[in-house]
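Please look over the chain shown here before reading the report that follows.

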Amino acid sequence: MVTQSWMYDAIIYIYALSLLFYFSDFAGHNRRAKRMGTGLLIFVWVLQTIFFIVRMVGQRQMPILSMFDILFFFSWLLVTASLLLNRFFRVDLFVFFVNVIGFSVLALNFFSDPNVVPSLSYWNINDELLFIHISLAVCSYAAFAVGAVFAGMYLFLHRQLKSKHWGATMKRMPSLEKMDRYAYLMVVTGVPLLILSLSLGLVWVVLIGDIRLLLDPKVLNSLLILAIYGYYLIRRITLRSPGYRLAQWNLAAFAVVVVNFIISNFYSAFHQWIWG
């Protein structure tokens, strides 16, 4: 049972890392990231297959008679289908969103079954789920913060160059092109992390059984953040907006992140523990 628990942990974390690489490829046409994402997704498929076989041997029958096994098999089918479609067709965005669903189903399945969650007297069944959810959210906020710093530096250097004010500080700063790219890479990192965090948050709400929590100010503001950064990516990839406009939008988006992290906690029904 402990072996199965550790294997399931490995599947969850590697699955999340795979999706991060897939999103990086989609947003930046990074072939190396796609290869990494595909390789990790294949590894997830292998681990899922081994886990499935272990349960089949242990039960001495095809493990599709319980809800846990059915959902696990469903997730395995999604991974299999996405790998096959990605092999024969160029559907990178499809692969990403299909596997976000597969990841959510897998997480829901794992954290709703006490037989695969590590059983410690001081460890609640939902603690690990919340730990991963919070960790992903904090990592996404950190990425957005770094991106906002680069955006601020971009606007400063852009204004100095436009007004022809030269100084020693400017010589120590990266070029406008590099700062724009660094800010973009941070957003590309933060967005999929936030998507995964929200998907796990949805799993937690389902396990709690109170759908009204989806209307919590913290949840709604997190969705707003995702939409704002999504529009940033659209403006950069599709609309080709100028760098200083993107930097302004990046800073505005991070202001919403700050609001979400601080102000909305006072009105949230289940995030107030942050200040405890």
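## Ala-16 in helix 1

Ala-16 counts as buried, because its relative accessibility is 12% and buried means under 20% relative accessible area, with exposed meaning over 50% and partly exposed in between (1.4 Å probe, protein chains only). Ala-16 is found in helix 1, which covers residues 2-28; helices here are DSSP runs (H or I, at least four residues), as strands are (E, at least two), and they are numbered from the N terminus. Leaving out residues up to four places away in sequence, Ala-16 touches Phe-103 and Leu-196, where contact means heavy atoms within 4.5 Å. Ala-16 and Pro-192 are 176 residues apart along the chain, and their C-alpha atoms are separated by 8.9 Å.

This is a predicted model, in which local features need pLDDT of at least 70 and side-chain atom pairs count only at pLDDT 80 or more, while totals for chains, interfaces and linings use all residues. Residues are numbered from 1 along each chain as its sequence is written, and side-chain values use heavy atoms, with hydrogens and water left out.

Thr-38 is found in helix 2, residues 31-59, and is buried, with a relative accessible area of 19%. Apart from its neighbours within four places in sequence, Thr-38 is in contact with Tyr-22, Leu-83 and Asn-86.

Phe-94 lies in helix 4, residues 92-111, and counts as partly exposed because its relative accessibility is 41%. Between Phe-94 and Ser-82, which are twelve residues apart in sequence, the C-alpha to C-alpha distance is 7.9 Å.

How far apart are the end C-alpha atoms of helix 8? They are 30 Å apart, which agrees with the 30 Å that the 21 residues of this helix (residues 217-237) should span at 1.5 Å a residue, the expected span being 1.5 Å times one less than the number of residues. The buried residues of helix 8 include Ile-225, Ile-228, Tyr-229, Tyr-232 and Leu-233. As background, an α-helix has 3.6 residues a turn, so residues three or four places apart point the same way.

Ile-234 also has its place in helix 8, and is partly exposed, with a relative accessible area of 43%. The C-alpha atoms of Ile-234 and Ala-27 are separated by 9.2 Å, although these residues are 207 apart along the chain.

## The chain as a whole

The protein chain has nine helices and zero strands, and when it is read along the sequence its pattern is α-α-α-α-α-α-α-α-α. Of its 276 residues, 46% are buried. Among the contacts with a separation of 6 or more, 71% are between residues 24 or more positions apart.

The accessible surface of the protein chain comes to about 14800 Å², and 70% of this belongs to carbon and sulfur atoms; such areas come from the Shrake-Rupley method with a 1.4 Å probe, and for residues only the protein chains shown count as cover.

## The cavity

The structure holds one cavity of 30 Å³ or more, a cavity being a set of points, on a 1 Å grid over the protein atoms alone, where a 1.4 Å probe fits but cannot get out. About 50 Å³ of space lies in the largest cavity, where a volume is the space filled by probe spheres set on the points, and grid points are joined across faces, edges and corners.

The lining residues, which have an atom within 4 Å of a point, include Phe-150, Met-179, Tyr-232 and Leu-246. Helix 5 (127-162), helix 7 (176-208) and helix 9 (243-262) each give two or more residues to this lining, and helix 9 gives the most, with four residues.

Terms used: 1 Å grid on protein atoms, 1.4 Å probe; cavity = no way out; pocket = protein on both sides within 12 Å on 5 of 7 lines; lining within 4 Å.
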